[in-house]
Amino acid sequence: MGRDYVQPVYGLDGFNCPHSECGAFAHQLWLYHLTARGRATGLVGKTITLNTFSASFCVKCERVALWKGEQMIYPMVSIALPASEDMPQEVKRYYDEAREIFYQSPRGAAALLRLAIQKLMIELGEDGDDLNEAIGNLVKKGLSERIQKSLDIVRVIGNNAVHPGQIVIEDNTEVAMSLFKVTNLIVDGIITKPKEIGELYDNLPEGAKNQIAKRDN
Ligand SMILES: [Zn+2]
């Protein structure tokens with residue numbers, strides 16, 4: 001991903017435009033307490049203030065998004081983070097489905113994201129059923145601390161077998177949002193970053209690469 005995606009949030013003065021035709025990071029102007037002018041009999045000339053409704057105006061494409069309270073209701077698109085370009089297809093399938101249902105069911109989205117992470121572990125040659133063991137193996141293979149922590153967050157929050165007296169963190173909108181972020185972070189750390197370094201290395205002059213190969217043999 002080039003520029004970091006900024007999720008549309010109520011009241012924020014800049015985010016990625018939710019309209020797919022635009023999608024750009026853009027300054028947003030807010031119109032609060034929208035009013036409607038009546039035309040129907042009995043309402044002619046009357047102005048009604050819709051206190052709970054507001055609109056954000058994208059200065060780049062001049063399209064409007066409608067909000068009810070703090071929730072965007074138009075356009076009906078997911079505000080969840082898009083999948084990283086390097087996400088394996090098998091993983092992305094679940095990730096995209098989670099994005100689609102996120103509005104209606106954050107809990108369902110969280111469950112699908114766990115499945116996505118499980119698939120990712122399998123793609124990496126680990127056992128998808130035992131996240132704890134998979135993380136341990138990946139750490140042995142040199143997994144960075146940041147990614148390890150991200151994975152452990154997923155593991156612990158999703159652990160249903162909690163002992164009495166412990167706080168159960170239930171899946172909700174906030175958990176689902178952070179799972180979107182964590183899934184991309186894992187892909188970035190395990191797939192994107194090593195790929196970028198590999199490409200840089202491949203572009204080194206042949207002579208230099210031969211020298212390195214000689215040194216390490
Ligand atoms: Zn726009």
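**Values and their definitions**

Me: Why is Tyr 32 called partly exposed?

Reply: The relative accessibility of Tyr 32 is 40%, and the word buried is kept for values under 20% relative accessible area and exposed for values over 50%, with partly exposed in between (1.4 Å probe, protein chains only), so Tyr 32 counts as partly exposed. Before going on, note that this is a predicted model, in which local features need pLDDT of at least 70 and side-chain atom pairs count only at pLDDT 80 or more, while totals for chains, interfaces and linings use all residues. Residues are numbered from 1 along each chain as its sequence is written, and side-chain values use heavy atoms, with hydrogens and water left out.

Me: Where is Tyr 32 found, and what kind of surface patch does Tyr 32 form with Val 9, Tyr 10 and Leu 12?

Reply: Tyr 32 is found in the loop between strand S2 (25-31) and strand S3 (34-37); helices (H or I, at least four residues) and strands (E, at least two) are DSSP runs, numbered from the N terminus. Together with Val 9, Tyr 10 and Leu 12, Tyr 32 forms a nonpolar patch with about 320 Å² of accessible area. Such patches are made of residues with over 30% relative accessible area and no salt bridge, where nonpolar side chains (Val, Leu, Ile, Met, Phe, Trp, Tyr) are joined within 5 Å and like charges within 9 Å, and the areas come from the Shrake-Rupley method with a 1.4 Å probe, only the protein chains shown counting as cover for residues.

Me: What is there to say about His 33?

Reply: His 33 lies in the loop between S2 and S3, and His 33 has a positive phi of about 50 degrees although it is not a glycine. With a relative accessibility of 48%, His 33 counts as partly exposed.

Me: How do you know that Asp 96 and Lys 92 form a salt bridge?

Reply: The closest N and O atoms of Asp 96 and Lys 92 are 2.8 Å apart, and a salt bridge is a side-chain nitrogen of Lys or Arg within 4 Å of a carboxyl oxygen of Asp or Glu, so the pair meets the rule. Both residues lie in helix H1, 4 residues apart, about one turn of the helix. Asp 96, at 24% relative accessibility, counts as partly exposed, and so does Lys 92, at 26%. Side chains of opposite charge can pair when their charged atoms come close.

Me: How many salt bridges does this rule give?

Reply: The count comes to 8 salt bridges. Among them is the one between Lys 209 and Glu 206, with the closest N and O atoms 3.5 Å apart; these two residues both lie in helix H6 (residues 206-216), 3 residues apart.

Me: Is Lys 209 buried or exposed, and is Glu 206 buried or exposed?

Reply: Lys 209 has a relative accessibility of 15% and therefore counts as buried, whereas Glu 206, at 53%, counts as exposed.

Me: Why is Gln 28 called buried, and what does Gln 28 touch?

Reply: Gln 28, which is found in strand S2, has a relative accessibility of 3% and so counts as buried. Contact means heavy atoms within 4.5 Å, and, not counting residues up to four places away in sequence, Gln 28 touches residues including Leu 12, Phe 15, Cys 17 and Cys 58. A polar atom of the side chain of Gln 28 lies 3.4 Å from the backbone nitrogen of Cys 58.

Me: Which residues touch the most other members of the largest nonpolar core?

Reply: A nonpolar core is a set of buried Ala, Val, Leu, Ile, Met, Phe, Trp, Tyr and Cys residues joined through side-chain atoms within 4.5 Å. The largest one has 42 residues, and those touching the most other members are Tyr 95, Phe 102, Met 121, Leu 131, Leu 151, Phe 180 and Ile 186. The largest share of this core, 9 residues, comes from H5.

Definitions and conventions: Polar contact = N/O pair within 3.5 Å; in protein donor to acceptor, adjacent residues only side chain to side chain.
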